[in-house]
Every structure is written in C-alpha cells, then in structure tokens.
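Here's a friendly walk through a structure that may be new to you. Take a look at it first, and then we'll go through its parts.

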Amino acid sequence: MHFPLIGKAFSFRESFMLEMSYYGNFSKSEFESLPLILQRFLSYTQYDTTSDPQSPDFPSTKAQLAYAALLEKEFQSVGVRETRVTPYGIVYGWIEATKDYENAPALGLIAHMDTSPEASGAPAKWKVIDYEGGNICLNKEKDIVPSLDRFPEVGKYAGEKLVVTDGTTLLGADDKAGIAVLIETAKYFIDHPEIPHARLCFCVTPDEEIGRGTAKFDPKEFGAAYAYTVDGGERGGFDTETFNAAMVTAHFEGLNVHPGSAKDKMVNAIRMAMDFLSRFPSESVPEKTSMYEGFFHPIGITGAVRGVDVRMLIRDHDNVKFEDRKAYVRKVAEEMNKVWGGRVTVTVKDQYYNLKNYLEHFPKVCDIAREAFRRVGLDIVENPVRGGSDGCRISEMGLPTPNFFTGGLNFHGVYECLPVESLIKSHEVAVELGKMSAEVASLR
C-alpha cells in the first residue's frame, strides 16, 4: 500500500507501520528485532505533524489530516474493527466489552498526533544508545551536546537505552510515544480475548500543542465514562493538577512622526510595550519559578513605532491567585492609559483551568490509576504540572481525564529523548488500566 503524506509516498507493511528507509544506528534486521512498541514509535517519528498556530484551519495542517487516516489504518491493522476519522482529523477507535462486562463504565485512552511548533518536526534522525551517564554528544559535526548541568533529569537513566536525535529536530515523543502506547494496548486486548474488560475507547487528537486539541472533540461520540491522556513526561508521572491558564493580548497604538520633528507629537508604541512589560514582577517568570509558583510569560511581540502587539501567558495553580493575576494585568492597562492617553487595549482570555477543579469530584478515577501503577511495580510521582493537557478541557466537558507518563524528557526542544524502558512501562500501565476496567462497577 502507498500512502501519500507531506509530498512523499511511503510504503507500508501489512501492519501499516512505516516501511523505514532510515534505521538510525541499526540495520533493517536489527530494527525489526526491537520491541514492537518501539518500532511503532520510531516509525511515527518519520512524519512531520507540526501544528501551525497561524493557520485558521482545523486541523491546522493537511499533514495531520493525512496522518489521521494513517492512524485509522494502524488501529484497523491490529484488529480494531470499529474506527472513525472525523472531518477534523480526530481518530476514534473502539473495542467492545467482553461478555458480562457490557455495563461496566467504558475506559478511554487519549493521545495527540501533533508536535510542537517550537522546534523542527522534520523526520527525526534518531538513534538508540546505551546510555552510560554523563553528557550525550548528539551531533559531533555540529557540536551539539546537551549538558547534565542544564538537563540533569537525563542522568537518572544511566545504564538504560535512550532514543535521541541528532540535535536538529524534535524526537516527537510528545506525543507519538502516547500513540504507540494506544496502538499496542489495543493490540494486546485484541490478541487476548480471554481477558475481561469494559468497552475500550481510543482517541488521537490533532493540534494539542497549539491549544485546539479538544475544540472538535465529542465526549458523547467517544463514549468513555472516564479516561486518561497518555501525554506525560518522566516515568512514574501521574498528573492530577495543572495550571489555570489565560492568554493576554495587548495592543499599543502609537503615532509615528519623522524623528526630526517628533517633539510633542510622536507616540512610540515600542516604548509603551516596554513600559507595559516593566510593570510586571521580574521574579514571576517561568525561568525563576517552580512547583506551585505561577508566572507572567511574554511569548511574542510584533510591531513598530506606530503600533505594537504583545502576547503574554498567565499561569497559576491557585484559583484565587489566577484571578488576581488577571486583575493585575487589567490594572496595569488602566494605569498606563492614564499616562499614555487611552492608547492601550488589553484582552484577557481564559484558556483552560486546573485539572484538580474537576478531578476532586471523581477521586476514584485517580485511585484506579494509582492502583494500576502499584500493580506494575511503579512508584507513582504526583507533582503539579507546570502546563496543561487536553484532559483539562475534556474534564471540563464532564469526562474526568487525568494524565500519565510516556517517559519522554525535554519536550518541545531538540534535546528531547525517550528512555526505552519508560515507554514500555507506560504501555504496561495502559494495559493494566484495561484489565482493571472489568473491576470498576461505578465511578462513585
């Protein structure tokens, strides 16, 4: 079969996995001896599914729509007969409950197909290394060597196999590792019909990285009573708390005049923008905060003397502090307009809310996952997520959806990597959740 994607025709095996033309540091036969879940993941890294925040379309790129069709074939190839791709590129798949468990609450597993636009998502030049500790030279020719001083978490995986890139692209573990977990979990239950389980619902969304992953998601069509996004970081991570999030859009209306005759006439919008940013606390920024500390984070500035636009993120776990931060932005704009003559316009738009706000009404959903971790021999790590997930909005829709790890490290940058054992353990948790679904009589 040939499947056109991103201007190139790829051939697929009977399983519809990518017929690799790039095998990293393996021969073809060595590649095919790797664990199947790793083969799947590595094949998925060969597709550029970067989302585009500037696009008005949904999904934001045609490549994601094409990739969704591929993923439907992936689900079908492992035996998932009931599948659907929506016109918006959302992939759904379902495995019916085993006999006598038709009335058990349906379990959902969710991942996303897009990669972050913050670094190149071109086909990854990956390799699997036996990591012995210390700094890893990703690219000798270009002297790309992420240091443990800046990325100390990698050092914990000395003695294990890591998937890395040549330092010029993302790896794509966020969240193609999650997709590999979903496909392999579906395959496990198709291959083991003797294992009882509730109805299993699978979903892969586009555009999560640009905040649109759930815009067209339909919880009723999905059909799960509870779900988990497979989109977390380090091994053992279980996420039940996220930021509250808002986007600030500020416009500064200048007045341009030739600088030679500008006295008492020119209004420099660049200086207004500088004034605006200077009014925020210098310690309340991402690079100086951790754990439960919120922040203001300017992420974009465009314009000239005649007009400047600034975009800034507001993040805080605490609901009250979140509201205080939004009020602070509005107060700054109000005070600036007294100085600059009403030339400042600020809009504050909520993006998502702390996952904890919803999950505290469904403690059993979290307890089920904690027990799954225990059964596969994993110590669970629950720290506040300094970000969000599709689960925030999905939970707001009434479907409680915490998040658990894929194992990837250093997301959204070219130093992204994935310990192989972490990917395998993520799959074990997903399978255990499927097995446990037969034990869940209700979520209350």
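Let's start inside. The largest nonpolar core has 71 residues, and F41, V163, Y228, F404 and L433 touch the most other members. Helix α4 gives the most to this core, with nine residues. There's also a second, separate core of 22 residues, which includes F252, A273, V308 and I314. A nonpolar core here is a set of buried Ala, Val, Leu, Ile, Met, Phe, Trp, Tyr and Cys residues joined through side-chain atoms within 4.5 Å. Buried means under 20% relative accessible area and exposed means over 50%, with partly exposed in between (1.4 Å probe, protein chains only).

A word on the background: this is a predicted model, where local features need pLDDT of at least 70 and side-chain atom pairs count only at pLDDT 80 or more, while totals for chains, interfaces and linings use all residues. Residues are numbered from 1 along each chain as its sequence is written, and side-chain values use heavy atoms, leaving out hydrogens and water.

## A stretch with a record

UniProt, in an unreviewed entry, places "domain: Peptidase M20 dimerisation" at residues 241-337; such annotations may be inferred rather than shown by experiment. Over residues 241-337 the chain is 30% helix and 31% strand, and the end C-alpha atoms are 37 Å apart. Helices (H or I, at least four residues) and strands (E, at least two) are DSSP runs, numbered from the N terminus.

## Helix α7

Helix α7 (residues 319-340) has 22 residues and reaches 32 Å from first C-alpha to last, close to the 32 Å expected (1.5 Å times one less than its number of residues). Which residues of α7 are buried? They're F322, R325, K326, V329, V332, A333 and M336. These cover an arc of only 110° around the axis, so they sit on the same side of α7; the arc is that of the directions from the helix axis to the C-beta atoms.

The buried residues of α7 pack against β11, α6, β12, β13 and β14 (contact means heavy atoms within 4.5 Å). On the face turned away from the buried side, you'll find the exposed residues V320 and K338. At the N-terminal end, D318 caps α7, with a side-chain oxygen 3.0 Å from the backbone nitrogen of V320. After α7 comes G341, whose phi is positive, near 75°.

A cis peptide bond joins F58 and P59, with omega about 0°, and P59 is in the loop between α2 and α3. D207 has a positive phi, near 60°, and is buried at 0% relative accessibility. D264 also has a positive phi, near 65°, but D264 is exposed, at 75%.

Conventions: Polar contact = N/O pair within 3.5 Å; in protein donor to acceptor, adjacent residues only side chain to side chain.
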